[in-house]
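Please read them with the sequence and the 3D view side by side.

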Amino acid sequence: MNGTKAGITADSVFIRQSKRGDFNKYARMLQKSIEVAYSSRKLGLDRSLFSVRVFSSEGMQNWMKDNLYPASGKWTFVATYRSRIVGAITVKKERRRNELRAFYVDPRFQGLGVGKKLLKHALRLSLGKEIVLTMYPHNLKTFLIYKRWGFRRYGTAGYHHWSAWPDGVRMRYARMLLPRNSAQKLYKSI
Ligand SMILES: CC(C)(COP(=O)(O)OP(=O)(O)OC[C@H]1O[C@@H](n2cnc3c(N)ncnc32)[C@H](O)[C@@H]1OP(=O)(O)O)[C@@H](O)C(=O)NCCC(=O)NCCS
């Protein structure tokens, strides 16, 4: 079921493939979404770890370009509202499975069905394959959404340290997998 916020519905949000010129708007959307999703006072993950300054670092700029810029074996879809980018998802093709990367929606546009619209495009490119992704499970809201969609944890978890962070700061990640049949079912249901 899709929602409405301040008169905005998912029907007024359009999905298209990314282009290089999207970079600044894409980076702004990612920074806002990640800052809200991952900062946690309880875990010592201060908002400043996800600031515009951190996103301007070479490591983050390269990570975002690697996601956004068109290249073979990889697709990025962006969700647009008027002239804004309000969400994105990257699909990386592998032989037997596809990997989802950088799946984010602007916090002000979450809960409207934009994520499902993006995911549908990613799943269409992945029919017949299982899907994997890496996420940060302290972001419980997203972890529960993935579980409801049929993803389950697999492989070993670990810690990421972003190069722009002070030494010793790290964030726990987990890997999740959506079996082939569940991916097909989810594709039909969203
Ligand atoms: C995960 C994310 C991309 C989903 O995008 P979205 O636009 O909010 O998703 P949708 O509106 O399409 O809703 C998807 C599902 O989540 C549920 N949902 C959305 N917002 C919710 C909220 N605040 N609380 C609980 N459930 C919520 C919806 O009801 C829907 O459930 P359904 O599939 O059973 O109908 C988005 O929430 C996000 O950017 N999260 C933070 C970043 C993140 O962790 N990304 C993943 C990195 S791997």
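1. Helices (H or I, at least four residues) and strands (E, at least two) are DSSP runs, numbered from the N terminus. On that basis the protein has six helices and nine strands. With a radius of gyration of 16 Å, close to the 16 Å that the globule rule gives for 190 residues, the protein is as compact as a globular protein of that length; the radius is taken over C-alpha atoms, and the rule is 2.2 Å times the number of residues to the power 0.38. Along the principal axes, the C-alpha atoms fill a box of roughly 45 × 40 × 35 Å.

2. The model is a predicted one, in which local features need pLDDT of at least 70 and side-chain atom pairs count only at pLDDT 80 or more, while totals for chains, interfaces and linings use all residues. Residues are numbered from 1 along each chain as its sequence is written.

3. A residue is called buried if 20 or more other C-beta atoms lie within 10 Å of its own, exposed if 12 or fewer, and partly exposed in between, with C-beta atoms placed from the backbone. Buried residues make up 25% of the 190 residues. Two residues are in contact if their C-beta atoms, placed from the backbone, lie within 7 Å; among contacts between residues at least 6 apart in sequence, 67% join residues at least 24 apart.

4. Which residues lie closest to the ligand? They are Gln110, Gly111, Gly115, Lys116 and Thr142, out of 19 residues that surround the ligand, where a residue is near a molecule if its C-beta atom, placed from the backbone, lies within 6 Å of it. At least two residues of this shell come from each of α1 (23-38), β6 (97-105), α4 (114-124), β7 (130-135) and α5 (140-149). By class, the shell has nine nonpolar, seven polar and three charged residues, counting Ala, Val, Leu, Ile, Met, Phe, Trp, Tyr, Cys and Pro as nonpolar, Asp, Glu, Lys and Arg as charged, and the others, Gly among them, as polar.

5. Helix α5 deserves a separate word, as it gives the most to the shell around the ligand, with four residues. Of the 10 residues of α5, the number buried is one, so α5 lies largely in the open. After α5 comes Gly150, whose phi is positive, near 110°.

6. Helix α1 has 16 residues and reaches 22 Å from its first C-alpha to its last, close to the 22 Å expected at 1.5 Å a residue, the expected span being 1.5 Å times one less than the number of residues. Its buried residues are Tyr26, Met29, Leu30, Gln31, Ser33 and Ile34, and what covers them includes α2 (52-55), α3 (58-68), β4 (74-81), β5 (84-93) and β6.

7. In α4, the buried residues are Val114, Gly115, Lys117, Leu118, Leu119, Ala122 and Leu123. They pack against β3, β4, β5, β6 and α6 (180-189).

8. A nonpolar core is a set of buried Ala, Val, Leu, Ile, Met, Phe, Trp, Tyr and Cys residues joined through C-beta atoms within 7 Å. The largest one has 33 residues, of which Ala79, Val86, Ala88, Ile89, Val114, Leu118 and Ala122 touch the most other members. To this core α1, β4, β5, β6, α4 and β9 (171-178) each supply at least two residues. Leaving aside its neighbours within four places in sequence, Ile89 is in contact with Phe77, Leu100, Phe103, Leu118, Leu119 and Ala122.

9. Arg82 lies in the loop between β4 and β5 and, with 9 C-beta neighbours inside 10 Å, counts as exposed. Ala102, by contrast, sits in strand β6 and is partly exposed, with 18 other C-beta atoms within 10 Å.

10. Arg20, in the loop between β3 (14-17) and α1, is exposed, with 10 other C-beta atoms within 10 Å. Its C-alpha atom is separated by 7.4 Å from that of Pro70, 50 residues apart along the chain.

11. Tyr173 has its place in strand β9 and is partly exposed, with 14 other C-beta atoms within 10 Å. Apart from neighbours within four places in sequence, Tyr173 is in contact with Thr134, Met135, Tyr136, Ala157, Gly158, Tyr159 and His160.
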